[in-house]
Amino acid sequence: MIEEDFENALEIVIGRTKATREEILGKSRKTRIQIGRHIVCWLMRNRGWSYPAIADVMDVCHGTIINSCRVINTHIEMDENFRKVWPELSGKQIVFQDSETRKENKRKLKEMVG
């Protein structure tokens with residue numbers, strides 16, 4: 001099932017960016033390729049797949065997937081041209097549920113130490 005979602009996300013990105021499958025799955029640092037790679041990760045996460053599961057399919061560590069999702073969230077929020085090119089992403093963002101917990105833990109730790 002994850003392979004099917006992955007292939008669908010990959011087809012969307014390849015069609016829109018005119019990149020090849022090898023480029024998206026490779027190590028290219030060209031901007032259009034990187035953004036395409038980030039969008040594949042974002043689409044997979046938006047479909048409910050875990051960071052480690054996506055990382056396994058993309059052959060990277062799960063931290064890379066988290067970063068990709070954050071990059072796309074920032075583009076959705078800040079870049080109007082990006083929203084025009086990728087209208088299906090507009091108005092959607094992946095929520096990082098642990099961010100508030102981390103802030104709260106840091107605050108508690110400061111109170112305990114200081």
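**Group meeting talk: a helical core and its surroundings**

Hi everyone, let's begin in the middle of the protein. The largest nonpolar core has 28 residues, and the ones touching the most other members are Ile-39, Val-40, Trp-42, Ile-65, Phe-82 and Leu-89. Please keep in mind that this is a predicted model.

Which elements give two or more residues to this core? They are α1, residues 2–17, α3, residues 31–46, α4, residues 51–58, and α5, residues 62–78. The top contributor is α3, with eight residues.

Leaving out residues up to four places away in sequence, Phe-82 touches Ile-35, Ile-39, Ile-72, His-75, Ile-76 and Leu-89.

Now find α1 and α3 on the screen. How do these two helices meet? Their axes come within 9 Å and cross at roughly 145 degrees, and the crossing is right-handed. On the α1 side, the contact is made by Ile-2, Asp-5, Phe-6, Ala-9, Leu-10, Ile-12, Val-13 and Thr-17. Facing them from α3 are Arg-32, Gly-36, Ile-39, Val-40, Leu-43 and Met-44. Sorted by type, the residues of this contact are 10 nonpolar, two polar and two charged.

Next, the loops. Lys-18 is in the loop between α1 and α2, where α2 covers residues 21–25. Its phi is near 60 degrees, a positive value in a residue that is not glycine. Is Lys-18 buried or exposed? Its relative accessibility is 65%, so Lys-18 counts as exposed. Over in the loop between α4 and α5 we find Asp-59, again a residue other than glycine with a positive phi, near 60 degrees. Asp-59 has a relative accessibility of 65%, so it counts as exposed.

Finally, salt bridges. How many does a search of the whole structure find? There are two. In one, the side chains of Glu-7 and Arg-21 meet, at 2.8 Å from N to O. This pair links distant parts of the chain, with Glu-7 in helix α1 and Arg-21 in helix α2, 14 residues apart. Glu-7 is partly exposed, because its relative accessibility is 29%, and Arg-21 is partly exposed at 33%.

The other salt bridge joins Glu-80 and Lys-84, whose closest N and O atoms are 3.6 Å apart. Both sit in helix α6, residues 80–85, and because they are four residues apart, about one helical turn separates them. Glu-80 is partly exposed at 47% relative accessibility, while Lys-84, at 58%, counts as exposed.

Methods. Residues are numbered from 1 along each chain as its sequence is written. This is a predicted model: local features need pLDDT of at least 70, side-chain atom pairs count only at pLDDT 80 or more; totals for chains, interfaces and linings use all residues. Side-chain values use heavy atoms; hydrogens and water are left out. A nonpolar core is a set of buried Ala, Val, Leu, Ile, Met, Phe, Trp, Tyr and Cys residues joined through side-chain atoms within 4.5 Å. Buried means under 20% relative accessible area, exposed over 50%, partly exposed in between (1.4 Å probe, protein chains only). Contact means heavy atoms within 4.5 Å. Axes are lines fitted to C-alpha atoms, for helices over the stretch in contact, and angles run from 0 to 180 degrees between N-to-C directions. A crossing is left-handed if the near helix is turned anticlockwise from the far one by less than a right angle, and right-handed if clockwise. Ala, Val, Leu, Ile, Met, Phe, Trp, Tyr, Cys and Pro count as nonpolar, Asp, Glu, Lys and Arg as charged, and the others, Gly among them, as polar. A salt bridge is a side-chain nitrogen of Lys or Arg within 4 Å of a carboxyl oxygen of Asp or Glu.
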